[in-house]
Amino acid sequence: HGDSLFWGEHFSFGNVEVFNMITMRLFKESEKKRKGPTLVGKVQIPVSQFDGKSSPVEKWYPIAGSHKLEQATIRIKTKYQVVPVLALKTYNCFLEYLQVEYSVLCEVLEPIIPAKEKDEIAQTLIRIVNSCGKSHDFLMDIVMMEVQNLEDENLIFRGNTFATKAMDTYMKLVGEKYLKDTVGAFIRYLYESDEECEVDSSRLPPERPETELKRSQETLMLFVEKAWAKIVSSY
């Protein structure tokens, strides 16, 4: 009927066997818990459409398998990548070069590499140096190099640079576990709590007393102090 639904989920599958077709099945949850989900339809994506393409392919695909969904489609963004991996000793010389000359490599590639490729290279570099125990030196060097080349210091970590992308990758690499261990339980408590923390008066009901706003401010400050205390005590 012309209705359009929107949601987005990300899936990543690694170390899979070679295949020619990607099949995605769509299910509808049943209102009765004892009854399992019902297959609505499926989408088939031939791997051949990715030949020679390094960037993701995003397009509409028809949903097949149900007479009720003759004109139904779903938009999927897909990337298929095959990476040959050689024996570790094959990379020894290159690994030694990266550990010593990463600053030179970044300085040479920075002005000539497009943003998408730069993102992939930065992610790969930070994972390599992190496995060698040199992530701190690597980040410090390329960040200082960026600071020295920037005319406006307010733009630090806001551009499509190796430093910005490498720092972002590193925070995701090591920060996720730290955040879960440090404030994970506290954040879950906040989600389940009924405490009011709205401090924007424009978003509060007009009839709400000023005392309630002050109470919300105090509650928010209390939560912030608790979160900060957990972060400080983690060191």
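Hi everyone, let's start with the order of elements: along the sequence this chain runs β-β-β-β-α-α-α-α-α. That makes 5 helices and 4 strands, where helices (H or I, at least four residues) and strands (E, at least two) are DSSP runs numbered from the N terminus.

A word on the model: it is predicted, so local features need pLDDT of at least 70 and side-chain atom pairs count only at pLDDT 80 or more, while totals for chains, interfaces and linings use all residues. Residues are numbered from 1 along each chain as its sequence is written, and side-chain values use heavy atoms, with hydrogens and water left out.

Now, the inside. Of the 235 residues, 22% are buried, meaning under 20% relative accessible area with a 1.4 Å probe, protein chains only. The largest nonpolar core has 19 residues; such a core is a set of buried Ala, Val, Leu, Ile, Met, Phe, Trp, Tyr and Cys residues joined through side-chain atoms within 4.5 Å. Among the members touching the most others are Cys106, Leu125 and Phe138. Helices α1 (92-109), α2 (115-131), α3 (135-149) and α4 (162-192) each give this core at least two residues.

Take Leu125, please. Leaving aside residues up to four places away in sequence, Leu125 touches Leu98, Leu105, Cys106 and Phe138, with contact meaning heavy atoms within 4.5 Å. There is also a second, separate core of 11 residues, including Val43, Ala72, Ile74 and Ile76.

How values were computed: Buried means under 20% relative accessible area, exposed over 50%, partly exposed in between (1.4 Å probe, protein chains only).
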